[in-house]
Amino acid sequence: MPKLRGEAFWRETLRSAHYVVAPMVDQSELAWRLLSRRHGAQLCYTPMLHAQVFLRDANYRRENLYGEACPEDRPLIVQFCANDPEVFVQAALLAQDYCDAIDLNLGCPQMIAKRGHYGAFLQEEWDLLQRMILLANEKLSVPITCKIRVFPEIDKTVKYAQMLEKAGCQLLTVHGRTKEQKGPLAGVASWEHIQAVRKAVSIPVFANGNIQCLSDVEECIRKTGVHGVMTAEGNLHNPALFEGRNPLVWEMAEEYLEIVQKHPCPLSYVRAHLFKLWHHTLQVYQQLREELAKVKTLEGIVDVNRELKLRCQEEIANQKEGEKPKEGLPFFHWICQPYIRPGPKERCKENGTRGTEKGVRGKRALEEDEDGNSELLSKNKQKKKLRNPNKSFDPSLKPKYAKCDQCGNPKGNKCVFNMCRGCCKKRAFKETADCPGHGLLFKTKYEKSLLWQSSHTAIQNPEIRQRDVDVGETAVLKEAGDTTL
(Lines give C-alpha, C1' and ligand atoms only; values in the text may rest on other atoms or scores of the structure.)
Protein backbone atom coordinates (compact mmCIF):
# COMPACT_ATOMS: atom_id res chain seq x y z
CA MET A 1 0.00 0.00 0.00
CA PRO A 2 1.48 3.40 -0.98
CA LYS A 3 2.38 5.83 1.78
CA LEU A 4 -0.35 8.40 2.41
CA ARG A 5 0.63 12.05 2.18
CA GLY A 6 -0.62 15.44 3.26
CA GLU A 7 -4.38 15.81 3.63
CA ALA A 8 -5.02 12.11 2.94
CA PHE A 9 -2.61 11.16 5.73
CA TRP A 10 -4.39 13.51 8.16
CA ARG A 11 -7.90 12.35 7.19
CA GLU A 12 -7.34 8.59 7.01
CA THR A 13 -4.39 7.72 9.25
CA LEU A 14 -4.83 10.44 11.86
CA ARG A 15 -8.64 10.24 11.57
CA SER A 16 -8.99 14.02 11.03
CA ALA A 17 -7.61 14.70 14.50
CA HIS A 18 -8.35 18.18 15.85
CA TYR A 19 -7.36 17.67 19.50
CA VAL A 20 -3.69 16.82 19.96
CA VAL A 21 -1.54 16.15 23.05
CA ALA A 22 1.99 17.47 22.59
CA PRO A 23 5.22 15.51 22.94
CA MET A 24 6.43 16.22 26.49
CA VAL A 25 9.69 14.89 27.91
CA ASP A 26 8.94 12.45 30.77
CA GLN A 27 5.27 13.53 30.71
CA SER A 28 3.49 12.15 27.63
CA GLU A 29 4.16 8.53 28.56
CA LEU A 30 1.68 5.73 27.79
CA ALA A 31 -0.34 6.07 31.03
CA TRP A 32 -0.87 9.80 30.51
CA ARG A 33 -1.69 9.34 26.83
CA LEU A 34 -4.38 6.80 27.72
CA LEU A 35 -5.87 9.18 30.31
CA SER A 36 -5.88 12.02 27.77
CA ARG A 37 -7.54 9.84 25.10
CA ARG A 38 -10.29 8.89 27.54
CA HIS A 39 -11.06 12.58 27.89
CA GLY A 40 -11.16 13.82 24.32
CA ALA A 41 -7.61 13.72 22.89
CA GLN A 42 -7.68 12.36 19.33
CA LEU A 43 -3.94 12.18 18.64
CA CYS A 44 -0.92 11.83 20.94
CA TYR A 45 2.84 12.07 20.56
CA THR A 46 5.44 10.13 22.49
CA PRO A 47 7.91 12.09 24.60
CA MET A 48 10.86 13.39 22.62
CA LEU A 49 13.29 10.49 22.11
CA HIS A 50 17.00 10.92 21.43
CA ALA A 51 17.71 9.25 18.07
CA GLN A 52 21.32 8.34 18.89
CA VAL A 53 20.36 6.70 22.20
CA PHE A 54 17.34 4.97 20.64
CA LEU A 55 19.60 3.51 17.97
CA ARG A 56 22.25 2.07 20.28
CA ASP A 57 20.32 1.18 23.46
CA ALA A 58 17.83 -1.72 23.42
CA ASN A 59 16.67 -0.91 26.96
CA TYR A 60 15.86 2.66 25.92
CA ARG A 61 13.78 1.34 23.02
CA ARG A 62 11.94 -1.10 25.26
CA GLU A 63 11.24 1.45 28.00
CA ASN A 64 9.98 4.15 25.63
CA LEU A 65 8.25 2.32 22.78
CA TYR A 66 8.64 -1.45 22.64
CA GLY A 67 7.34 -2.18 26.13
CA GLU A 68 3.81 -3.35 25.46
CA ALA A 69 1.32 -3.38 22.62
CA CYS A 70 -1.62 -1.06 23.36
CA PRO A 71 -4.14 -0.90 20.49
CA GLU A 72 -6.08 1.97 22.09
CA ASP A 73 -2.96 4.16 21.97
CA ARG A 74 -3.39 5.02 18.29
CA PRO A 75 -3.01 7.12 16.24
CA LEU A 76 0.44 7.80 17.65
CA ILE A 77 3.39 9.85 16.40
CA VAL A 78 6.92 9.15 17.65
CA GLN A 79 9.10 12.23 18.00
CA PHE A 80 12.89 12.21 17.71
CA CYS A 81 15.55 14.83 18.23
CA ALA A 82 18.55 14.43 15.94
CA ASN A 83 21.15 16.36 13.97
CA ASP A 84 22.49 13.61 11.69
CA PRO A 85 20.44 12.34 8.72
CA GLU A 86 21.70 8.74 8.90
CA VAL A 87 21.24 8.43 12.67
CA PHE A 88 17.76 9.96 12.47
CA VAL A 89 16.62 7.63 9.71
CA GLN A 90 18.12 4.51 11.29
CA ALA A 91 16.35 5.29 14.58
CA ALA A 92 13.11 6.01 12.72
CA LEU A 93 13.32 2.67 10.89
CA LEU A 94 13.40 0.93 14.28
CA ALA A 95 10.32 2.86 15.41
CA GLN A 96 8.11 3.00 12.30
CA ASP A 97 6.30 -0.32 12.94
CA TYR A 98 5.04 0.99 16.30
CA CYS A 99 3.51 4.29 15.19
CA ASP A 100 1.69 6.16 12.43
CA ALA A 101 4.34 8.82 11.69
CA ILE A 102 7.79 10.01 12.72
CA ASP A 103 8.21 13.60 13.91
CA LEU A 104 11.46 15.59 13.84
CA ASN A 105 11.76 17.92 16.82
CA LEU A 106 12.76 21.38 15.62
CA GLY A 107 11.07 23.23 18.47
CA CYS A 108 12.81 22.41 21.76
CA PRO A 109 14.31 25.69 23.11
CA GLN A 110 15.91 24.32 26.28
CA MET A 111 19.60 24.53 27.16
CA ILE A 112 20.00 20.76 26.78
CA ALA A 113 18.95 21.15 23.13
CA LYS A 114 21.51 23.90 22.65
CA ARG A 115 24.27 21.74 24.13
CA GLY A 116 23.18 18.72 22.07
CA HIS A 117 22.68 20.83 18.94
CA TYR A 118 19.11 19.79 18.13
CA GLY A 119 15.55 21.10 18.45
CA ALA A 120 15.05 24.81 17.77
CA PHE A 121 18.82 25.29 17.53
CA LEU A 122 18.79 23.70 14.07
CA GLN A 123 16.33 26.19 12.59
CA GLU A 124 19.06 28.18 10.82
CA GLU A 125 20.62 25.06 9.21
CA TRP A 126 18.25 24.63 6.28
CA ASP A 127 20.59 22.48 4.19
CA LEU A 128 20.97 19.96 7.00
CA LEU A 129 17.21 19.87 7.65
CA GLN A 130 16.50 19.35 3.96
CA ARG A 131 18.86 16.37 3.86
CA MET A 132 17.34 14.86 7.00
CA ILE A 133 13.76 15.11 5.76
CA LEU A 134 14.52 14.09 2.19
CA LEU A 135 16.27 10.93 3.39
CA ALA A 136 13.52 10.11 5.89
CA ASN A 137 10.81 10.67 3.30
CA GLU A 138 12.64 8.34 0.94
CA LYS A 139 13.45 5.51 3.39
CA LEU A 140 10.50 5.37 5.81
CA SER A 141 7.23 3.53 5.25
CA VAL A 142 5.37 6.12 7.39
CA PRO A 143 5.13 9.89 6.81
CA ILE A 144 7.63 12.36 8.25
CA THR A 145 6.29 15.37 10.20
CA CYS A 146 7.97 18.35 11.90
CA LYS A 147 7.33 20.52 14.94
CA ILE A 148 8.87 23.99 14.70
CA ARG A 149 9.08 27.33 16.45
CA VAL A 150 8.71 30.59 14.57
CA PHE A 151 11.24 33.26 13.66
CA PRO A 152 10.50 36.85 14.76
CA GLU A 153 9.84 37.67 11.08
CA ILE A 154 6.68 36.20 9.56
CA ASP A 155 8.22 36.11 6.06
CA LYS A 156 11.18 34.03 7.22
CA THR A 157 8.87 31.69 9.13
CA VAL A 158 6.79 31.15 5.99
CA LYS A 159 9.87 30.41 3.86
CA TYR A 160 11.09 28.01 6.57
CA ALA A 161 7.78 26.12 6.49
CA GLN A 162 7.76 26.00 2.68
CA MET A 163 11.31 24.60 2.67
CA LEU A 164 10.26 21.80 5.05
CA GLU A 165 7.20 21.01 2.93
CA LYS A 166 9.28 20.87 -0.24
CA ALA A 167 11.77 18.51 1.44
CA GLY A 168 8.98 16.02 2.19
CA CYS A 169 7.33 17.02 5.48
CA GLN A 170 3.71 15.78 5.42
CA LEU A 171 2.36 17.65 8.46
CA LEU A 172 3.68 20.71 10.27
CA THR A 173 3.09 21.75 13.89
CA VAL A 174 3.85 25.41 14.46
CA HIS A 175 4.52 26.67 17.99
CA GLY A 176 3.87 30.38 17.76
CA ARG A 177 6.85 31.41 19.91
CA THR A 178 10.50 31.98 19.10
CA LYS A 179 13.21 29.84 20.71
CA GLU A 180 13.99 32.75 23.06
CA GLN A 181 10.42 32.74 24.41
CA LYS A 182 10.56 30.22 27.24
CA GLY A 183 10.06 30.04 31.00
CA PRO A 184 9.10 33.42 32.50
CA LEU A 185 9.86 35.04 29.13
CA ALA A 186 7.38 32.84 27.24
CA GLY A 187 4.84 35.57 26.59
CA VAL A 188 1.92 35.11 24.20
CA ALA A 189 2.26 32.84 21.16
CA SER A 190 1.72 34.52 17.79
CA TRP A 191 -1.30 33.07 16.01
CA GLU A 192 -0.54 35.55 13.22
CA HIS A 193 2.61 33.57 12.35
CA ILE A 194 0.63 30.32 12.41
CA GLN A 195 -2.09 31.73 10.17
CA ALA A 196 0.53 32.90 7.64
CA VAL A 197 2.11 29.43 7.54
CA ARG A 198 -1.28 27.76 7.14
CA LYS A 199 -2.04 29.91 4.09
CA ALA A 200 1.39 29.37 2.55
CA VAL A 201 1.60 25.54 2.62
CA SER A 202 -0.64 22.79 1.26
CA ILE A 203 0.09 20.19 3.95
CA PRO A 204 -1.94 19.98 7.20
CA VAL A 205 -0.90 22.38 9.98
CA PHE A 206 -1.36 22.07 13.75
CA ALA A 207 -1.18 25.13 16.00
CA ASN A 208 0.56 25.17 19.39
CA GLY A 209 0.51 27.94 21.98
CA ASN A 210 -2.02 29.87 24.14
CA ILE A 211 -4.27 26.83 24.67
CA GLN A 212 -5.71 26.69 28.19
CA CYS A 213 -9.31 25.60 27.62
CA LEU A 214 -11.63 24.29 24.89
CA SER A 215 -12.76 27.77 23.89
CA ASP A 216 -9.11 28.60 23.10
CA VAL A 217 -8.98 25.56 20.81
CA GLU A 218 -12.10 26.64 18.94
CA GLU A 219 -10.92 30.25 18.66
CA CYS A 220 -7.49 29.17 17.39
CA ILE A 221 -9.00 26.98 14.65
CA ARG A 222 -11.36 29.79 13.65
CA LYS A 223 -8.64 32.49 13.50
CA THR A 224 -5.81 30.50 11.94
CA GLY A 225 -7.65 27.90 9.84
CA VAL A 226 -5.42 25.09 11.11
CA HIS A 227 -6.41 21.41 10.98
CA GLY A 228 -5.83 20.78 14.66
CA VAL A 229 -4.60 22.28 17.91
CA MET A 230 -1.86 20.90 20.15
CA THR A 231 -1.55 21.59 23.86
CA ALA A 232 1.04 20.73 26.48
CA GLU A 233 0.69 22.57 29.80
CA GLY A 234 -3.04 23.02 29.37
CA ASN A 235 -3.37 19.24 29.13
CA LEU A 236 -1.08 18.62 32.13
CA HIS A 237 -3.19 20.82 34.40
CA ASN A 238 -6.51 19.58 33.02
CA PRO A 239 -6.54 16.27 31.10
CA ALA A 240 -10.25 16.84 30.37
CA LEU A 241 -9.54 20.11 28.52
CA PHE A 242 -10.71 18.73 25.17
CA GLU A 243 -14.01 17.68 26.75
CA GLY A 244 -14.64 21.26 27.84
CA ARG A 245 -14.84 20.16 31.50
CA ASN A 246 -13.09 21.26 34.68
CA PRO A 247 -13.32 18.14 36.88
CA LEU A 248 -12.26 17.74 40.48
CA VAL A 249 -8.52 17.29 40.66
CA TRP A 250 -8.66 14.10 42.70
CA GLU A 251 -10.92 12.46 40.10
CA MET A 252 -8.25 12.89 37.42
CA ALA A 253 -5.44 11.99 39.82
CA GLU A 254 -7.15 8.78 40.97
CA GLU A 255 -7.95 7.75 37.40
CA TYR A 256 -4.36 8.36 36.32
CA LEU A 257 -2.97 6.36 39.26
CA GLU A 258 -5.25 3.45 38.35
CA ILE A 259 -3.87 3.47 34.80
CA VAL A 260 -0.31 3.58 36.14
CA GLN A 261 -1.06 0.40 38.10
CA LYS A 262 -1.76 -1.34 34.76
CA HIS A 263 0.86 0.47 32.68
CA PRO A 264 3.77 1.27 35.04
CA CYS A 265 6.15 4.14 34.41
CA PRO A 266 9.00 5.73 36.41
CA LEU A 267 7.91 7.21 39.73
CA SER A 268 9.38 10.57 38.74
CA TYR A 269 6.82 10.82 35.92
CA VAL A 270 3.93 10.10 38.28
CA ARG A 271 5.14 12.61 40.86
CA ALA A 272 5.57 15.30 38.20
CA HIS A 273 2.01 14.75 36.95
CA LEU A 274 0.57 15.12 40.43
CA PHE A 275 2.56 18.30 40.98
CA LYS A 276 0.87 19.71 37.87
CA LEU A 277 -2.63 18.46 38.67
CA TRP A 278 -2.47 19.62 42.30
CA HIS A 279 -0.48 22.78 41.48
CA HIS A 280 -2.89 25.30 43.02
CA THR A 281 -3.77 23.11 46.01
CA LEU A 282 -0.11 22.53 46.86
CA GLN A 283 0.34 26.28 47.25
CA VAL A 284 -2.13 26.01 50.14
CA TYR A 285 -0.94 22.74 51.69
CA GLN A 286 2.84 23.22 51.54
CA GLN A 287 3.53 20.40 53.99
CA LEU A 288 1.91 17.88 51.65
CA ARG A 289 3.95 19.35 48.83
CA GLU A 290 7.08 18.40 50.75
CA GLU A 291 5.72 14.90 51.38
CA LEU A 292 4.91 14.40 47.69
CA ALA A 293 8.45 15.46 46.80
CA LYS A 294 10.02 12.94 49.19
CA VAL A 295 7.80 9.88 48.73
CA LYS A 296 9.61 6.86 47.29
CA THR A 297 6.82 4.46 46.26
CA LEU A 298 3.66 4.50 44.18
CA GLU A 299 1.70 3.51 47.29
CA GLY A 300 3.14 6.54 49.06
CA ILE A 301 2.01 8.81 46.21
CA VAL A 302 -1.48 7.29 46.42
CA ASP A 303 -1.50 8.08 50.16
CA VAL A 304 -0.50 11.71 49.60
CA ASN A 305 -3.18 12.03 46.90
CA ARG A 306 -5.76 10.60 49.34
CA GLU A 307 -4.70 13.08 52.03
CA LEU A 308 -4.99 16.00 49.60
CA LYS A 309 -8.47 14.80 48.68
CA LEU A 310 -9.53 14.62 52.35
CA ARG A 311 -8.16 18.11 53.05
CA CYS A 312 -10.08 19.53 50.09
CA GLN A 313 -13.29 17.73 51.02
CA GLU A 314 -12.99 19.08 54.57
CA GLU A 315 -12.45 22.57 53.15
CA ILE A 316 -15.54 22.18 50.95
CA ALA A 317 -17.61 21.06 53.95
CA ASN A 318 -16.57 24.16 55.93
CA GLN A 319 -17.05 26.52 52.99
CA LYS A 320 -19.20 29.55 53.63
CA GLU A 321 -22.05 30.40 51.29
CA GLY A 322 -21.02 32.84 48.59
CA GLU A 323 -17.31 32.34 49.20
CA LYS A 324 -15.18 32.95 46.11
CA PRO A 325 -11.87 31.45 44.96
CA LYS A 326 -8.74 33.09 46.32
CA GLU A 327 -5.51 34.16 44.63
CA GLY A 328 -7.48 35.40 41.62
CA LEU A 329 -8.23 31.86 40.38
CA PRO A 330 -11.26 31.28 38.13
CA PHE A 331 -12.18 28.18 40.18
CA PHE A 332 -11.44 26.85 43.64
CA HIS A 333 -8.00 25.27 43.89
CA TRP A 334 -9.34 21.70 43.96
CA ILE A 335 -10.77 22.04 40.44
CA CYS A 336 -8.64 21.38 37.33
CA GLN A 337 -7.83 24.72 35.75
CA PRO A 338 -5.08 26.47 33.81
CA TYR A 339 -1.87 27.72 35.33
CA ILE A 340 -0.99 31.03 33.74
CA ARG A 341 2.79 31.29 33.74
CA PRO A 342 3.67 34.75 35.09
CA GLY A 343 6.24 36.99 33.47
CA PRO A 344 9.25 38.27 35.44
CA LYS A 345 7.40 41.20 37.05
CA GLU A 346 4.29 39.21 37.83
CA ARG A 347 6.42 36.39 39.25
CA CYS A 348 8.02 38.83 41.70
CA LYS A 349 4.60 39.76 43.03
CA GLU A 350 3.43 36.14 43.05
CA ASN A 351 6.51 34.91 44.89
CA GLY A 352 6.21 37.58 47.51
CA THR A 353 2.55 36.89 48.30
CA ARG A 354 2.15 33.12 48.05
CA GLY A 355 1.25 31.72 51.44
CA THR A 356 2.99 29.24 53.67
CA GLU A 357 1.73 26.65 56.05
CA LYS A 358 3.22 26.25 59.54
CA GLY A 359 6.31 28.26 58.70
CA VAL A 360 7.20 26.34 55.57
CA ARG A 361 8.74 28.52 52.88
CA GLY A 362 6.49 29.43 49.99
CA LYS A 363 7.40 28.19 46.55
CA ARG A 364 10.07 30.35 44.91
CA ALA A 365 10.06 32.85 47.79
CA LEU A 366 12.33 35.85 47.26
CA GLU A 367 15.51 36.64 49.14
CA GLU A 368 16.84 40.12 49.78
CA ASP A 369 20.31 41.24 48.88
CA GLU A 370 22.73 43.13 51.13
CA ASP A 371 21.15 46.48 50.28
CA GLY A 372 17.66 45.26 51.15
CA ASN A 373 16.53 45.17 47.53
CA SER A 374 14.40 42.26 46.41
CA GLU A 375 16.22 40.11 43.89
CA LEU A 376 14.52 37.42 41.83
CA LEU A 377 16.53 34.24 42.26
CA SER A 378 16.19 30.93 40.50
CA LYS A 379 15.13 27.93 42.52
CA ASN A 380 18.67 26.55 42.49
CA LYS A 381 20.16 29.84 43.71
CA GLN A 382 17.54 30.04 46.46
CA LYS A 383 18.69 26.65 47.77
CA LYS A 384 22.32 27.82 47.75
CA LYS A 385 21.27 30.99 49.57
CA LEU A 386 19.51 28.93 52.24
CA ARG A 387 22.67 26.88 52.82
CA ASN A 388 24.87 29.98 52.86
CA PRO A 389 23.00 33.24 53.66
CA ASN A 390 26.14 35.31 52.92
CA LYS A 391 26.45 33.98 49.37
CA SER A 392 26.27 36.61 46.66
CA PHE A 393 25.40 36.07 43.00
CA ASP A 394 26.78 39.44 41.83
CA PRO A 395 29.06 38.63 38.84
CA SER A 396 31.31 41.60 39.68
CA LEU A 397 32.14 40.05 43.05
CA LYS A 398 33.28 36.71 41.67
CA PRO A 399 37.00 36.04 42.20
CA LYS A 400 39.20 36.49 39.16
CA TYR A 401 41.18 33.42 38.18
CA ALA A 402 44.44 33.20 36.28
CA LYS A 403 43.77 31.59 32.91
CA CYS A 404 45.27 28.48 31.40
CA ASP A 405 47.93 29.30 28.79
CA GLN A 406 46.32 26.81 26.41
CA CYS A 407 42.52 27.09 26.59
CA GLY A 408 41.56 30.02 28.81
CA ASN A 409 39.98 27.98 31.62
CA PRO A 410 41.16 28.66 35.21
CA LYS A 411 44.68 27.27 35.64
CA GLY A 412 45.93 25.24 38.58
CA ASN A 413 47.66 27.42 41.20
CA LYS A 414 50.59 24.98 41.51
CA CYS A 415 50.73 23.73 37.92
CA VAL A 416 54.29 23.66 36.56
CA PHE A 417 52.97 24.39 33.05
CA ASN A 418 50.52 27.19 34.04
CA MET A 419 47.60 25.19 32.64
CA CYS A 420 44.24 23.78 33.67
CA ARG A 421 44.25 20.11 34.63
CA GLY A 422 42.95 18.90 31.24
CA CYS A 423 45.63 20.69 29.22
CA CYS A 424 48.29 19.85 31.79
CA LYS A 425 47.47 16.16 31.58
CA LYS A 426 47.85 16.16 27.78
CA ARG A 427 51.21 17.96 27.89
CA ALA A 428 52.61 15.93 30.78
CA PHE A 429 51.69 12.70 29.02
CA LYS A 430 53.18 13.85 25.73
CA GLU A 431 56.46 14.96 27.34
CA THR A 432 56.55 12.20 30.01
CA ALA A 433 56.76 14.88 32.69
CA ASP A 434 55.49 15.36 36.27
CA CYS A 435 53.12 18.01 37.62
CA PRO A 436 52.84 17.61 41.42
CA GLY A 437 50.32 20.45 41.51
CA HIS A 438 47.80 18.37 39.58
CA GLY A 439 48.98 15.02 40.95
CA LEU A 440 50.25 13.90 37.54
CA LEU A 441 53.39 11.71 37.81
CA PHE A 442 54.03 10.33 34.34
CA LYS A 443 57.85 10.70 34.57
CA THR A 444 58.06 9.15 38.04
CA LYS A 445 55.89 6.20 37.07
CA TYR A 446 57.87 5.67 33.88
CA GLU A 447 61.18 5.59 35.76
CA LYS A 448 59.73 3.19 38.32
CA SER A 449 58.54 0.90 35.55
CA LEU A 450 62.05 0.85 34.00
CA LEU A 451 63.57 0.03 37.36
CA TRP A 452 61.06 -2.75 37.92
CA GLN A 453 61.70 -4.20 34.46
CA SER A 454 65.43 -4.17 35.09
CA SER A 455 65.17 -5.94 38.43
CA HIS A 456 62.58 -8.40 37.08
CA THR A 457 64.91 -9.35 34.19
CA ALA A 458 67.83 -9.89 36.58
CA ILE A 459 65.78 -12.17 38.82
CA GLN A 460 64.72 -14.31 35.86
CA ASN A 461 68.35 -14.65 34.53
CA PRO A 462 70.91 -15.49 37.33
CA GLU A 463 73.94 -15.05 35.02
CA ILE A 464 72.93 -11.52 34.17
CA ARG A 465 72.20 -10.89 37.84
CA GLN A 466 75.69 -12.14 38.90
CA ARG A 467 77.37 -10.12 36.16
CA ASP A 468 75.52 -6.98 37.29
CA VAL A 469 76.62 -7.69 40.87
CA ASP A 470 80.26 -8.14 39.83
CA VAL A 471 80.21 -4.96 37.77
CA GLY A 472 78.64 -3.15 40.65
CA GLU A 473 81.27 -4.35 43.12
CA THR A 474 84.09 -3.35 40.75
CA ALA A 475 82.64 0.12 40.43
CA VAL A 476 82.44 0.51 44.19
CA LEU A 477 86.06 -0.62 44.72
CA LYS A 478 87.33 1.73 42.01
CA GLU A 479 85.42 4.59 43.58
CA ALA A 480 87.06 3.71 46.96
CA GLY A 481 90.56 3.72 45.40
CA ASP A 482 91.20 -0.01 45.94
CA THR A 483 94.29 -1.03 43.84
CA THR A 484 94.05 -4.75 44.43
CA LEU A 485 92.01 -5.29 41.29
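Trainee: What makes Asp73 and Arg33 a salt bridge?

Mentor: The model is predicted, and in it the closest N and O atoms of Asp73 and Arg33 are 2.7 Å apart. The cut-off is a Lys or Arg side-chain nitrogen within 4 Å of an Asp or Glu carboxyl oxygen. The pair therefore qualifies as a salt bridge.

Trainee: Why say that this pair ties together parts of the chain?

Mentor: Asp73 lies in the loop between α4 (58-66) and β4 (76-81), and Arg33 lies in helix α2 (residues 30-38). Those parts are 40 residues apart in sequence, so the pair ties them together.

Trainee: Are Asp73 and Arg33 buried or exposed?

Mentor: Asp73 is buried, and Arg33 is buried too.

Trainee: How do you know that Asp100 and Arg74 form a salt bridge?

Mentor: Their closest N and O atoms are 2.9 Å apart. The limit is within 4 Å, so the pair counts. Asp100 sits in the loop between α5 (85-95) and β5 (101-106), and Arg74 in the loop between α4 and β4. The two are 26 residues apart, and the pair links distant parts of the chain.

Trainee: Why is Asp100 called buried?

Mentor: Its relative accessibility is 15%.

Trainee: What makes Glu254 and Lys309 a salt bridge?

Mentor: The closest N and O atoms of Glu254 and Lys309 are 3.1 Å apart. That meets the 4 Å limit, so the pair is a salt bridge. Glu254 is in helix α12 (residues 249-262) and Lys309 in helix α16 (residues 298-317), 55 residues apart. Glu254 counts as partly exposed, at 29% relative accessibility.

Trainee: What makes α2 mostly covered?

Mentor: Of its 9 residues, 8 are buried. Among them are Trp32, Arg33 and Arg37. The buried residues pack against β1 (19-21), β2 (43-45), β4, α11 (233-237), α12 and α13 (267-277).

Trainee: What follows α2?

Mentor: Gly40, with a positive phi near 110°.

Trainee: Why is Asn105 called buried?

Mentor: Asn105 has 6% relative accessibility. The cut-off is under 20%, so Asn105 is buried. Its place is in strand β5.

Trainee: Which residues does Asn105 contact, leaving aside neighbours within four places in sequence?

Mentor: Met48, Gln79, Phe80, Cys81, Gly119 and Lys147. Asn105 and Leu49 are 9.2 Å apart, C-alpha to C-alpha, and 56 residues apart in sequence.

Trainee: Why is Arg387 called exposed?

Mentor: Its relative accessible area is 65%. Exposed means over 50%, so Arg387 qualifies. Arg387 is found in helix α18 (residues 379-387).

Trainee: What makes the surface patch with Arg387 positive?

Mentor: The patch is formed by Lys379, Lys381, Lys383, Lys384, Arg387 and Lys391. Lys and Arg count as positive, so the patch is called positive.

Trainee: How many helices and strands does the protein have?

Mentor: There are 21 helices and 13 strands. Buried residues make up 46% of the 485 residues.

How values were computed
Residues are numbered from 1 along each chain as its sequence is written. This is a predicted model: local features need pLDDT of at least 70, side-chain atom pairs count only at pLDDT 80 or more; totals for chains, interfaces and linings use all residues. Side-chain values use heavy atoms; hydrogens and water are left out. Patches are made of residues with over 30% relative accessible area and no salt bridge: like charges are joined within 9 Å, nonpolar side chains (Val, Leu, Ile, Met, Phe, Trp, Tyr) within 5 Å. Accessible areas come from the Shrake-Rupley method with a 1.4 Å probe; for residues, only the protein chains shown count as cover. The place of a charge is taken as NZ of Lys, CZ of Arg, CG of Asp or CD of Glu. Helices (H or I, at least four residues) and strands (E, at least two) are DSSP runs, numbered from the N terminus. Buried means under 20% relative accessible area, exposed over 50%, partly exposed in between (1.4 Å probe, protein chains only). Contact means heavy atoms within 4.5 Å.
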